[in-house]
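Hi,

Here is the structure I said I'd pass on. Have a look at it first, and my notes on what turned up follow below.

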Amino acid sequence: METLLVITNCPDEEIANAIALAVVEAKLAACVNILPRVQSVYRWQGTVESAAEIPLFIKTTRANYPVLEAKIRQLHPYEVPEIIALPVTHGLPAYLNWVAAETIQ
C-alpha cells in the first residue's frame, strides 16, 4: 500500500478544521496536521497576490486519493484549491502500516 502526503492550504482555521475532521472521520486519511498560518505569494488570473493561509498535511494512501481529492474540493471554498500529493518513499514501517490500516482500502 503506497502512502501519500497530501498538501492543501485553507483560508482560515475554521475551513482547515472542517476539512481535517471530515477526511479523518470518513477514513480517507489516518491523520491531518494543521500547521500554523503561513503567508502565500502567488499569481492568480494575471495578478500577484498574497494571502495568509493554514496548511494541512494529510496522510493517506494512493488508493484513497481520488475520493480524498473530491472531498477536499467539495469542502474547500477556493475556485482552484492547491491539492498536491507526494509519495512517501521511506518511513517507519509501523507508521506506514498504521496509515494504511486507518484508511479505507
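**Salt bridges and a buried asparagine**

E2 and R62 form a salt bridge through their side chains, with an N to O distance of 2.5 Å. This pair ties together distant parts of the chain, 60 residues apart: E2 lies in the segment before β1 (3-10), and R62 in the loop between β4 (47-61) and α2 (65-75). Do keep in mind that this is a predicted model.

How exposed are the two partners? E2 is partly exposed at 31% relative accessible area, and R62 is also partly exposed, at 49%.

How many salt bridges does a search of the whole structure find? It finds 2. The other pairing is between the side chains of R37 and E13, at 3.0 Å from N to O. Here too distant parts of the chain are linked, 24 residues apart, with R37 in the loop between β2 (31-34) and β3 (38-44) and E13 in helix α1 (residues 13-25). R37 counts as partly exposed, with 41% relative accessibility, and E13 is partly exposed at 41% as well.

One more residue to look at is N9, which sits in strand β1. Is N9 buried or exposed? Its relative accessible area is 11%, so N9 is buried, the cut-off being under 20%. The N9 side chain makes a polar contact of 2.5 Å with the side chain of E82. Leaving aside residues up to four places away in sequence, N9 touches S40, E53, I54, P55, H76, Y78 and E82.

Cheers

Definitions and conventions:
Residues are numbered from 1 along each chain as its sequence is written. This is a predicted model: local features need pLDDT of at least 70, side-chain atom pairs count only at pLDDT 80 or more; totals for chains, interfaces and linings use all residues. Side-chain values use heavy atoms; hydrogens and water are left out. A salt bridge is a side-chain nitrogen of Lys or Arg within 4 Å of a carboxyl oxygen of Asp or Glu. Helices (H or I, at least four residues) and strands (E, at least two) are DSSP runs, numbered from the N terminus. Buried means under 20% relative accessible area, exposed over 50%, partly exposed in between (1.4 Å probe, protein chains only). A polar contact is a pair of N or O atoms within 3.5 Å; within protein, one must be able to donate a hydrogen and the other to accept it, and residues adjacent in sequence count only if both atoms are side-chain atoms. Contact means heavy atoms within 4.5 Å.
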